[in-house]
Amino acid sequence: MKIAVLPGDGIGTEIVQEAVKVLKVLDLKFELEFADVGGTAYDKHGHPLPEATLKLAKEADAILFGAVGDWKYDQLERQFRPEQAILGLRKNLGLFANFRPAICYEQLTDASSLKPELVAGLDILIIRELTGDIYFGQPRGRRTSPDGAFAGAEEAFDTMRYTRPEIERIAHVAFQAARKRSKKVTSVDKANVLETFQFWRDVVTEVSQQYPDVKLDHMYVDNAAMQLVKSPKSFDVVVTGNMFGDILSDEAAMLTGSIGMLPSASLNASNQGLYEPSHGSAPDIAGKGVANPLATILSAAMMLRFSLNQPQAADRIESAVQDVLAQGLRTADIFSEGNAKTPSVVKVGTREMGDAVVAAITKKTTTKS
Ligand code: IPM
Ligand code: MG
């Protein structure tokens, strides 16, 4: 098994280092190969997704990704910006199915900006289509407006489009995921306004005929944004397009109060996957040793489960993460005001958190043998 490790920018290096530490203590046979990506790669090689990095990613069974992006690259021509690395990996590897769980951990209920009773026990799964929609639709660009009220003026445009097979395959992913959960899918669209999303609704409905045991409902994206803060627990599996999924998954992640805890997986048709934390590169805290490595560590667990067929190893990581939370360890992002009064809760840095997960895994291993 070969894992491509792409730490990237900002806190990417620090958090990936901890996840690698955790992977190594599992005593599994795999090869880890590191490569540059994002702004770091641009600085060193003149491109955010160098040939060598793409080649490694294609060959690997799975990719462990940190984060990319920094304000200092905002002025670059689009093709050289760090974000192009992740978009390029998604497109080149065909990683169309993006899983973004939003889970509110019991010990972190107070960290949410919503009332505890609204989020306690929250466990939803956003499935975002990742290689189509307005993100990749052609044509796009700048031009002189050919028509309309402002014909002749400078304009910019993107194209929203989805083909039937693209919608069908993500719908299947969602229905199959729902079968392993509470058998309920909410498909989010904007069928009342957009042709693309009326088509989306029609195709998802058709696919649903093959899953009579799963309950499907449809919701407009504006309403979904509202319901997510009003009654998040009314959702289970949410399936949506690339653009809406980008927005809703950030909203869902944040309302758990634990965006630093949430992993994600992006899979292609052959289960090759890219695994990354749901949060970004946080350049404001980069290098300070305070970032939460748990989302990346949990992404490594997802990687073991989905792409590397090592479910037991994944369980060991996940239960070790539960243990460190139960021990009261909190990085700054999940340390809430109320915690300051609880003596058993301690604020720790990135490395201490990683070490604690490693210790929890080692302890269990020794107890068992
Ligand atoms: C995400 C990010 C990316 C996206 C950016 C970095 C291109 O926001 O993974 O959600 O928009 O998909
Ligand atoms: Mg996003």
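Start with salt bridges between domain 1 and domain 2: the count is 0. A salt bridge here is a side-chain nitrogen of Lys or Arg within 4 Å of a carboxyl oxygen of Asp or Glu. This is a predicted model: local features need pLDDT of at least 70, side-chain atom pairs count only at pLDDT 80 or more, and totals for chains, interfaces and linings use all residues. Residues are numbered from 1 along each chain as its sequence is written, and side-chain values use heavy atoms, without hydrogens or water.

**The two domains**

Select 1-96 + 268-369 for domain 1, then 101-132 + 168-261 for domain 2. These bounds come from an automatic or database domain assignment. The C-alpha centres of the two domains lie 24 Å apart. Domain 1 gives 19 residues to the contact and domain 2 gives 18 residues (contact: heavy atoms within 4.5 Å).

**The interface**

Domain 1 and domain 2 bury about 1,700 Å² between them, 63% of it on carbon and sulfur atoms. Buried area is the accessible area (1.4 Å probe) that two parts lose on being put together, summed over both. Now colour helix 4 (83-93), helix 10 (294-306) and helix 11 (311-326): each gives two or more residues to the side of domain 1 that touches domain 2. Helices are DSSP runs (H or I, at least four residues), numbered from the N terminus.

**Ligand 1**

Next, show Glu-83, Arg-90, Arg-100, Arg-128, Tyr-135 and Asp-246, the residues around ligand 1 (a heavy atom within 4 Å). Zoom in on Tyr-135: a side-chain N or O atom there is 2.5 Å from an oxygen atom of ligand 1. For Arg-90 the corresponding distance is 2.7 Å. For Arg-128 it is 2.8 Å.

How values were computed
Chains are lettered from A and ligands numbered from 1 in the order in which they are written. A polar contact is a pair of N or O atoms within 3.5 Å; within protein, one must be able to donate a hydrogen and the other to accept it, and residues adjacent in sequence count only if both atoms are side-chain atoms.
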